[in-house]
Amino acid sequence: MKNKTLHDYLREWLLNYLPNRRCFSEKTINSYRQSIIQFKNWIYTNKKVRFEDFTFDTFKKDNVYDFLLHLKNEKSLSTNTLNLRLASIKSFLKYCGEENIELYSYYVSIKKIHNFKGTKNNRIEYLNEEHLKQLFAHPDVGLSKGQRNHFMMIFMYETGVRVSELVNIKVKDIDYTHSVMRVRIFGKGNKVRYVPLPSEVNKHLDIYLKRFHKENDLNEFLFYTNHEHRKTQMSPGSVDSFLKKYAREIHSIDSSFPLNLHAHMLRHSIAMAMYKKGIPISYIKDFLGHTNLETTA
């Protein structure tokens with residue numbers, strides 16, 4: 001392609017370089033994309049430069065550094081997020097320099113911006129007992145989607161499942177062959193673990209299956225969305241979306257309820273509840289599907 005524009009490079013970086021040459025996950029690519037979008041919006045607000053008028057000079061060191069300071073001082077973003085935004089811009093400019101040697105100076109300039117340093121936040125986010133009660137009581141179970149979301153939240157909490165694992169569970173993964181009902185979960189590295197389902201969950205499960213899996217197709221995803229009259233696999237983003245919606249609604253009534261609710265917080269919550277009950281860390285490790293004890297601890 002002759003006379004490639006910045007926008008051409010940006011498109012190739014996002015659609016080819018990151019997924020195919022760097023083998024980045026969709027989640028990471030979305031984070032990189034969001035970094036560029038935030039920079040674009042900041043440039044327009046502060047420099048009055050429209051995106052279609054961007055040139056490589058727009059990515060000069062002063063602009064990028066001022067953008068990062070804006071995120072740090074005015075948006076109060078974490079050190080990790082600031083460094084992610086910086087890494088995204090560096091990655092894009094490095095790619096451009098590798099494709100066109102004349103553009104490499106832009107990357108060299110930005111490379112001089114060092115990562116931000118800060119105290120690492122090791123605080124584990126989880127819901128206390130009162131917040132869990134509020135969350136589980138929030139959906140309107142008289143509505144189809146409300147009942148689905150209600151059971152899904154209970155299921156996530158009681159099994160400690162990762163959201164990526166949740167959306168892959170099928171009806172056939174519910175194991176009735178033991179005295180205690182279990183669910184088969186395919187974890188990271190395709191490792192399989194079986195998690196017992198408490199009796200109170202079984203009651204909700206029966207109601208859910210009768211309403212959402214009337215045909216008893218064992219190969220259907222346990223949780224799904226209806227798309228053009230077809231049952232399709234849910235995305236992790238869809239799960240977090242309704243959780244954040246519930247969080248906003250509950251927060252408007254009780255300001256102590258966390259606004260940043262996400263699926264992983266339910267996993268943290270059951271782990272913390274087990275820990276407070278004195279359950280050994282080694283058991284919690286196996287329950288969560290962690291590879292080593294340090295991660296759990």
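Let me start with a term: buried means under 20% relative accessible area, exposed means over 50%, and partly exposed is anything in between, with a 1.4 Å probe and protein chains only.

Hi everyone. What you see above is a predicted model, in which local features need pLDDT of at least 70 and side-chain atom pairs count only at pLDDT 80 or more, while totals for chains, interfaces and linings use all residues. Residues are numbered from 1 along each chain as its sequence is written, and side-chain values use heavy atoms, with hydrogens and water left out.

First, the overall picture. The protein chain has 13 helices and five strands; these are DSSP runs numbered from the N terminus, helices being H or I with at least four residues and strands E with at least two. Along the principal axes, the C-alpha atoms fill a box of roughly 70 × 40 × 40 Å. Of the 297 residues, 40% count as buried. Now contacts, meaning heavy atoms within 4.5 Å: among those between residues at least 6 apart in sequence, 58% join residues at least 24 apart. The chain exposes about 17,500 Å², and carbon and sulfur atoms supply 50% of that. Accessible areas here come from the Shrake-Rupley method with a 1.4 Å probe, and for residues only the protein chains shown count as cover.

On to charge. Lys and Arg count as positive, Asp and Glu as negative, and His and the chain ends are not counted. The place of a charge is NZ of Lys, CZ of Arg, CG of Asp or CD of Glu. With that bookkeeping, the chain has 47 positive and 31 negative side chains, and the centres of the two sets lie 3 Å apart.

Side chains of opposite charge can pair when their charged atoms come close. How many salt bridges does the structure hold? There are twelve, where a salt bridge is a side-chain nitrogen of Lys or Arg within 4 Å of a carboxyl oxygen of Asp or Glu.

Let me walk you through some of them. Glu-99 pairs with Arg-21, and their closest N and O atoms are 3.3 Å apart. Glu-99 sits in helix H4 (residues 79-99) and Arg-21 in helix H1, so this pair ties together parts that are 78 residues apart in sequence. Glu-99 is partly exposed at 36% relative accessibility, and Arg-21 is partly exposed at 46%.

Next, Glu-165 and Arg-193 form a salt bridge at 2.8 Å, N to O. This pair links distant parts of the chain, with Glu-165 in helix H8 (residues 163-166) and Arg-193 in strand S3 (residues 192-196), 28 residues apart. Both Glu-165 and Arg-193 are buried.

Then there is Lys-231 with Glu-220, at 3.2 Å, N to O. Lys-231 is in strand S5 and Glu-220 in the loop between H9 and S4, so the pair ties together parts eleven residues apart in sequence. Lys-231 is partly exposed, with a relative accessible area of 35%, whereas Glu-220 counts as buried at 13%.

Now a residue I'd like you to find on the screen: Arg-148, in helix H7 (residues 144-159).

A quick look at the backbone. Cys-23 has a phi near 55°, a positive value in a residue other than glycine. Cys-23 lies in the loop between helix H1 (6-21) and helix H2 (26-47), and is exposed at 60% relative accessibility. Glu-228 also has a positive phi, about 55°, although it is not a glycine. Glu-228 is in the loop between strand S4 (224-227) and strand S5 (230-233), and is exposed at 61%.

Last stop, the surface. Ile-101, Tyr-104 and Val-108 form a nonpolar patch with about 280 Å² of accessible area together. Patches are made of residues with over 30% relative accessible area and no salt bridge; like charges are joined within 9 Å, and nonpolar side chains (Val, Leu, Ile, Met, Phe, Trp, Tyr) within 5 Å. Tyr-104 is in helix H5 (residues 104-111) and is partly exposed at 32%.

Thanks, all!
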